[in-house]
Amino acid sequence: DFKELQAGIDTTHHVADGYEANILVRWGDGIFEDSEPFDPQAQSAVRQHRQFGYNNDYVGVFKVPGSPNNLLMCVNHEYTSPEVMFPGLTASPKDNDFSEISDLMVQVEMAAHGISVVELERREGQWTPLASSSFNRRISASNTEMSVDGPAAGHQRLQTSADPSGRRIVGTFNNCAGGVTPWGTYLAAEENFHGYFWTDQMEDKDGKRVRRKKGLGGGQADSYARYGVPANWYNWGAYQARFNVDKEPNEPNRFGWVVEIDPFDASSTPVKHTALGRFRHEGCECILNADGRAVVYSGDDARFEYVYRFVSAGKMTDDRETNNTLLSDGTLSVARFNPNGTVDWLPLIHGTGALVPENGWESQAQVLIDARLAAEALGATPMDRPEDVQPNEHTGKVYI
């Protein structure tokens, strides 16, 4: 019943009569008591790791037990925009010109990616970040170690020179939409991971020197091509060997997963759940099935990609530790939409349908690492960039 705003663009942030808008927290704002003040002329990775990250996407909010005036907010910092992040740049990374992007800038960018966990306190009707909170945390692309579980954990295609176990991954980035679980954890979905990988190999095309894609990846060439690796959106690989596919060809396989974070334990280790499949996850919205199993929906946000559903093997209980393992084991399926309006969920299970050794599928780990190729083999329905998939916890309907 409020008066609608008149459409238009100017320098003022307009809200309807009777409402107000306030800045809660901005890039560079300190979220710890020892955070240094933000100075765009003196940025560093050390400072950024103690400050709110860059370019927000999904926001998850949790009630703080015993504190009715407090909330715990988790925010994805999907990507960085160096052309407006660093003063004085004239070359544009958007034009594949990284001549002015230094090692220091790369370190700041990596620190600005990831997730911020910030406790909020309501004071006289206004929400305010609480820098003294023990819950506050910065999770970044450069210094947060994560564990890996599920069928692909430890697989040789997840092994690198820095992590021969294939079970300890540093960092997360390009976290787009996400989700909140019924048991109180935060899900961050890795989307356009391909853009962060780099190759030094160039070729001549239409009179220009451009990065070479064909032939890269060796035995993983089909996987590289299907996921668009490497895309050279960032020049991290010019300074960090793990982002250079010429030096670490398995590193791209360690991204494109769903990360589960316990926001109530700042010392906890985030977990990458391989059971939910590897693709450009746009969100990971979770709902409980009637029988207590967890169901997670994800769109693969690229043209002509697919919609996926994961159903846990276990059921939610009153035990938090048990619930924190629900996404470690279950069945991932991909959607086939039929002409009559119905949908079939096609399980991505090794040894069934087209996913058999005779067709080159050697393990469940391979199926999940190359979920796009597996979904294609099953005849899933290509979609028009499926983004968020939102289940309604009251009606049971699911909106894509």
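The model is predicted. Its largest nonpolar core holds 63 residues, and a second, separate core holds 14. A search of the whole structure returns 21 aromatic pairs. Disulfides number zero.

**Nonpolar cores**

- Seven residues touch the most other members of the largest core: Phe173, Phe197, Trp236, Tyr308, Leu327, Val334 and Leu348.
- Helix α3 gives the most to this core, with five residues.
- The second core is separate and has 14 residues, including Val64, Ile115, Val117 and Ile139.

**Helix α3 and Val108**

- Helix α3 spans residues 103–112.
- The helix is mostly covered, with seven of its 10 residues buried.
- Those buried residues are Met105, Val106, Val108, Glu109, Met110, Ala111 and Ala112.
- Val108 lies in α3 and has a relative accessibility of 1%, so it counts as buried.
- Beyond its neighbours within four places in sequence, Val108 contacts Gln43, Ser44, Ala45, Gln48, Met85 and Phe86.
- Val108 and Trp257 are 149 residues apart along the chain, and their C-alpha atoms are separated by 23 Å.
- Gly114 follows α3 and has a positive phi, near 110°.

**Strand pairing**

- Strand β1 (residues 56–63) pairs with β2 in the antiparallel sense, over six bridges.
- Asn56 stands opposite His77 of β2.
- The β1–β2 hairpin has six residues between its strands, and Gly66 there takes a positive phi near 80°.
- Strand β15 (residues 293–300) and strand β17 (residues 307–315) are antiparallel partners over six bridges.
- Within that pairing, Tyr297 has Arg309 of β17 as its bridge partner.
- Strand β17 also pairs with strand β18 (residues 330–337), antiparallel over five bridges.
- Here Ser312 is bridged to Gly330 in β18.
- In a regular strand, side chains alternate between the two faces of the sheet.

**Aromatic rings and charges**

- The whole-structure search finds 21 aromatic pairs.
- One of them joins Trp236 and Phe243 edge-to-face, at 5.3 Å centre to centre with 75° between the planes.
- Trp236 has a relative accessible area of 0% and is therefore buried.
- Phe243 is likewise buried, with a relative accessible area of 0%.
- Ring pairs link Phe173, Tyr196, Phe197, Tyr234, Trp236, Phe243 and Phe255 into a cluster.
- Phe173, Phe197 and Trp236 from this cluster are also among the residues that touch the most other members of the largest core.
- Arg50 places its charged end over the ring of Phe32, 3.9 Å from the ring centre.

**Cysteines**

- The structure has zero disulfides.
- For Cys176, the closest cysteine sulfur is that of Cys284, and the 10 Å between the two sulfurs is too far for a bond.
- Cys284 is in no disulfide either, as its nearest cysteine sulfur, in Cys286, is 8.7 Å away.
- A disulfide needs the sulfur atoms within 2.5 Å.
- Cys176 counts as buried because its relative accessibility is 5%.
- Cys284 is buried as well, with a relative accessible area of 0%.

**Backbone features**

- Val229 and Pro230 are joined by a cis peptide bond, with omega about -10°.
- Pro230 sits in the loop between α4 (221–227) and β12 (258–261).
- Asn232 lies in the loop between α4 and β12.
- Asn232 is not a glycine, yet its phi is positive, about 55°.
- With a relative accessibility of 3%, Asn232 counts as buried.
- Asn174 is not a glycine, yet it has a positive phi of about 50°.
- Its place is the loop between β7 (168–170) and β8 (175–180).
- Asn174 also counts as buried, at 3% relative accessibility.

Note on methods
Residues are numbered from 1 along each chain as its sequence is written. This is a predicted model: local features need pLDDT of at least 70, side-chain atom pairs count only at pLDDT 80 or more; totals for chains, interfaces and linings use all residues. Side-chain values use heavy atoms; hydrogens and water are left out. Helices (H or I, at least four residues) and strands (E, at least two) are DSSP runs, numbered from the N terminus. Buried means under 20% relative accessible area, exposed over 50%, partly exposed in between (1.4 Å probe, protein chains only). Contact means heavy atoms within 4.5 Å. A nonpolar core is a set of buried Ala, Val, Leu, Ile, Met, Phe, Trp, Tyr and Cys residues joined through side-chain atoms within 4.5 Å. Two strands pair if DSSP finds at least two bridges between them. Rings of Phe, Tyr and Trp (its six-membered ring) pair if their centres lie within 6.5 Å; planes under 30 degrees apart count as stacked, over 60 as edge-to-face and the rest as tilted. A charge sits over a ring if NZ of Lys or CZ of Arg is within 6 Å of the ring centre and within 35 degrees of the ring normal.
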